[in-house]
Amino acid sequence: MALLPVPEVVDRPFRVVIVDGVHDVVVDGCIDGPYDEVVDAIAGLERALGDGRATVAVIGPGHAHAFGLEQLHRLVVAHPHLAPVVVAPDLSTDLLQQAVRAGARDVVARAAGPRALVDAVERVGADLVARGADRAPRPWSDPGAPRRGRLIVVHAPKGGVGTTTVAVNLASALAASGTGAVLVDADLAGGDVALLLGVTPERSALDLVGSVHYAEPEFLRSLLVPVGEGLLVLPAPAEPSGPDGPSPEELVAVSAALRPLGTVVVDLPAGSDALVRAFVDEADEIVLVTTLDVAGVKHLHQGLLRLGLAAERDPRCRLVVNRASTRGGLAVREVERVLGLRGAHAVPDDPAVTRAVNAGVPVVRTAPRAPAARELARLASAYAEPRSRGRRRRRAARTPEPGSGRRGW
Ligand SMILES: Nc1ncnc2c1ncn2[C@@H]1O[C@H](COP(=O)(O)OP(=O)(O)O)[C@@H](O)[C@H]1O
Ligand SMILES: [Mg+2]
């Protein structure tokens, strides 16, 4: 058996422990940076954690299996000062999923080599120390979290009015403007984001739930699907999630955790008040979508009442009237008056939207000059400028006041 290199003594604010029963990582030279200790098993890691020091644990490929990762998860929950980096024999979807759920802050393929592993260890260690290793792990949505993009939710209480079309195009236009955007499909029971963007869903919010409190933003980035310039997508699962799926709060935490990667746009499903309420509480901006007909406007009006969202007094709210055409329908101004929202974006009914859906590319990219694309791009540019707004003001605007000044429907 090859000899282990002698650990160097370095002045570092965190300790590096290697868990490597067969000395795979060390002998292969996979970690050639300094480390403090090597233990044979995950149980040995627990002993090393007793003193409460910030610790990055490199989990060797021999322990990167279901049972090892389950043991690791128990340690992560019990020891907030532990941040694991898993060295995986391969980067299969299953293994990545298990590692993320176990609380790995990063996963490095064994084949990626020593430099990638040392970089991951240094990055995870620096983050652990910066966040305060002595405190319990917190969601990225906490006020003390690092730089964040805004969270924009897109919602209509009625299906089929164009919510997904608006969300996909808004995210795509924001991404193209250089701000970086993440699009989350929060309709786990059958979202259409993947379809509209022509991507195959491999991982969804289900894979991130439970780990977002620990995972590094760069690691989360690797779990998303890159689409076109600057857009990252978290699609709905390929198999619809059943009643034992994540709670609304868990889905909000997943979406909020992606904020360090850019502006997060969330496509909300129709007909799920608890989920919508949880997202509305967290959102920086709310896009409300209706069509230009009495039924669409009535549903939106009633939906806002159910949510206790006083849209006319809440500066986060913006209205999109989709498939707008004056023929036989209401006037946009009438809809604005009923809902108490001014400055609506009227997106016309446009065959270019249908063509774009069939091509699996957002209309703002396939046909930027089409009338619908122009208005959707204008909506995105309204979010290009940062707005500073306090939470207190948002909360105040949520006081429910049934029938407050709006005409009844
Ligand atoms: N402005 C528009 N012009 C033409 N077709 C549209 C427009 N907006 C949406 N559609 C079409 O309407 C259908 C429903 O849109 P979608 O965004 O999936 O609605 P929702 O998410 O509210 O259920 C899609 O087939 C889409 O192509
Ligand atoms: Mg939809």
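Figure 1. Just after α4, G103 has a positive phi of about 100°. This is a predicted model, in which local features need pLDDT of at least 70 and side-chain atom pairs count only at pLDDT 80 or more, while totals for chains, interfaces and linings use all residues. Residues are numbered from 1 along each chain as its sequence is written, and chains are lettered from A and ligands numbered from 1 in the order in which they are written. Helices (H or I, at least four residues) and strands (E, at least two) are DSSP runs, numbered from the N terminus. Helix α4 covers residues 93-102, and its buried residues are L95, L96, Q98, A99, V100 and A102. A residue is buried if 20 or more other C-beta atoms, placed from the backbone, lie within 10 Å of its own. The buried residues of α4 pack against α3 (66-78), β4 (82-88), β5 (106-109) and α8 (205-208); two residues are in contact if their C-beta atoms, placed from the backbone, lie within 7 Å.

**Figure 2. Helices α10 and α11.** Helix α10 (residues 248-257) packs on helix α11 (residues 273-282) at an angle of about 40°, with the axes 9 Å apart. From α10, the residues P248, E249, L251, V252 and A256 make the contact, and from α11, A274, L275, A278, F279 and E282. By class, these residues are eight nonpolar, no polar and two charged. Ala, Val, Leu, Ile, Met, Phe, Trp, Tyr, Cys and Pro count as nonpolar, Asp, Glu, Lys and Arg as charged, and the others, Gly among them, as polar.

**Figure 3. L251 and its surroundings.** L251 lies in helix α10. L251 is buried because 23 other C-beta atoms lie within 10 Å. Not counting residues up to four places away in sequence, L251 touches A186, A205, P246 and L275. V184 is 67 residues from L251 in sequence, and the two are 9.7 Å apart in space, C-alpha to C-alpha.

**Figure 4. The shell around ligand 1.** Around ligand 1 there are 18 residues, of which G162, T163, T164, T165 and V353 come nearest; a residue is near a molecule if its C-beta atom, placed from the backbone, lies within 6 Å of it. At least two residues of the shell come from each of α6 (163-176), β12 (317-324) and α14 (351-359). The shell has six nonpolar, eight polar and four charged residues.

Definitions and conventions: A residue is buried if 20 or more other C-beta atoms lie within 10 Å of its own, exposed if 12 or fewer, and partly exposed in between; C-beta atoms are placed from the backbone. Axes are lines fitted to C-alpha atoms, for helices over the stretch in contact, and angles run from 0 to 180 degrees between N-to-C directions.
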